[in-house]
Amino acid sequence: MTYDDTGVRCTMLRGGTSRGLYFEPQDLPADPAERDDLLLRLMGTPDPRQIDGLGGSTTLTSKVAVVSRSDDPEIDVDYLFLQLGVDQATVSDRQNCGNILAGVGPFAVERGLVPAGDGETSVRIRMVNSDSVAVATFPTPGGRVEYRGDVEIAGVPGTAAPVVLDFADTEGSATGALLPTGHVRDTVEGVEVTCVDNGMPVVLAMASSFGLTGYESHEELAADADLLARVDAFRRKAAELMGLGDVSAASVPKTVLLAPARDGGQVCTRSFIPVQPHTSIGVLGAVSVVTGMLVPGAVGHELTEDWPEGTSRVDVEHPTGHLLVDVEVDPSVTPPRVVRSGVVRTARKLFDGTAFPRA
């Protein structure tokens with residue numbers, strides 16, 4: 001019998017503004033190559049429509065979490081994130097995903113990996129991709145995960161219960177340093193940039209450096225082939241400076257363009273994952289953006305001049321709404337140190353059952 005015949009036990013959850021398939025490792029092949037082949041066939045990749053699989057024809061819905069009970073007594077579960085391609089048969093473990101992370105705690109309780117508290121549960125999660133830690137706290141009245149609630153997040157219709165994510169040790173998640181080039185500012189293809197990695201490697205630039213206002217719609221950006229080609233070449237050059245090497249087949253670093261806020265927030269963003277424009281902004285991407293902006297001399301730091309003194313909660317505008325992140329940076333030391341970072345997301349279980357791969 002093969003996985004093609006028996007199928008695979010699988011849970012699908014929406015985590016934040018992403019959607020993914022969640023597994024326990026014993027339900028997947030132990031060999032990484034066999035595992036990746038199975039996941040691609042489950043997702044329906046490669047195919048821009050993913051019509052013969054569970055993907056949703058975007059990178060935001062072609063994600064996988066592998067969750068297991070941790071051997072570390074200080075950690076509850078280990079979480080491996082895998083980003084699958086859509087029209088290309090790629091599987092990458094070179095980044096975290098803070099949106100899919102929002103579903104890890106509820107999944108762990110649903111599967112009995114972590115006992116539910118009475119009222120709420122906090123789950124300590126090791127993000128295997130970066131060997132950093134997050135704590136997810138969410139309601140569990142009567143010892144059961146409650147997905148219903150009154151928290152609204154941009155990019156998701158309706159409301160749901162809050163999942164509070166607090167991060168630790170995310171500095172240098174993929175590059176080994178908060179400022180991976182060793183400089184607060186660099187120049188990449190004639191553009192002033194700040195490269196920062198606080199959970200997600202990000203290249204910050206002003207939208208005006210690309211001849212943009214920073215308020216363009218997702219559709220306008222997606223239709224600009226010359227811009228997307230420039231973003232791709234730009235991020236590849238930045239990746240070399242960040243020590244990431246050849247990223248032609250990788251989803252990091254992300255490029256985020258900044259502009260003054262115009263919808264009641266504190267900064268307006270347009271991000272690319274890694275070349276196509278994002279309909280919103282990734283959780284850890286937003287955390288890294290704000291982290292970088294809080295460093296004196298960084299690209300975008302001038303936009304923080306009107307922020308309340310001592311502020312840590314920052315409202316990040318994106319094409320479909322807002323994302324509130326909580327970041328505190330100590331710039332008095334060299335290199336700057338992240339004191340804390342976190343965000344509020346929501347999650348919802350979509351199905352739990354058996355998934356069957358295409359042949």
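Domain 1 and domain 2 bury about 1200 Å² between them, with 57% of this area on carbon and sulfur atoms, where buried area is the accessible area (1.4 Å probe) that two parts lose on being put together, summed over both. Of the area that domain 1 buries against domain 2, 41% is supplied by Arg94, Gln95 and Ala154, more than by any other three residues. The model is predicted, so that local features need pLDDT of at least 70 and side-chain atom pairs count only at pLDDT 80 or more, while totals for chains, interfaces and linings use all residues. Residues are numbered from 1 along each chain as its sequence is written, and side-chain values use heavy atoms, with hydrogens and water left out.

Domain 1 comprises 8-168 + 346-355 and domain 2 comprises 186-334, with bounds that come from an automatic or database domain assignment. Contact (heavy atoms within 4.5 Å) involves 14 residues of domain 1 and 21 residues of domain 2. Zero salt bridges are found across this interface, a salt bridge being a side-chain nitrogen of Lys or Arg within 4 Å of a carboxyl oxygen of Asp or Glu.

The structure also holds two aromatic pairs, that is, rings of Phe, Tyr and Trp (its six-membered ring) with centres within 6.5 Å, counted as stacked if the planes are under 30 degrees apart, edge-to-face if over 60 and tilted otherwise. Tyrosine 22 and phenylalanine 107 form a tilted pair, at 5.7 Å centre to centre and 40° between the planes. Phenylalanine 210 and phenylalanine 234 form an edge-to-face pair, at 5.1 Å centre to centre and 85° between the planes.
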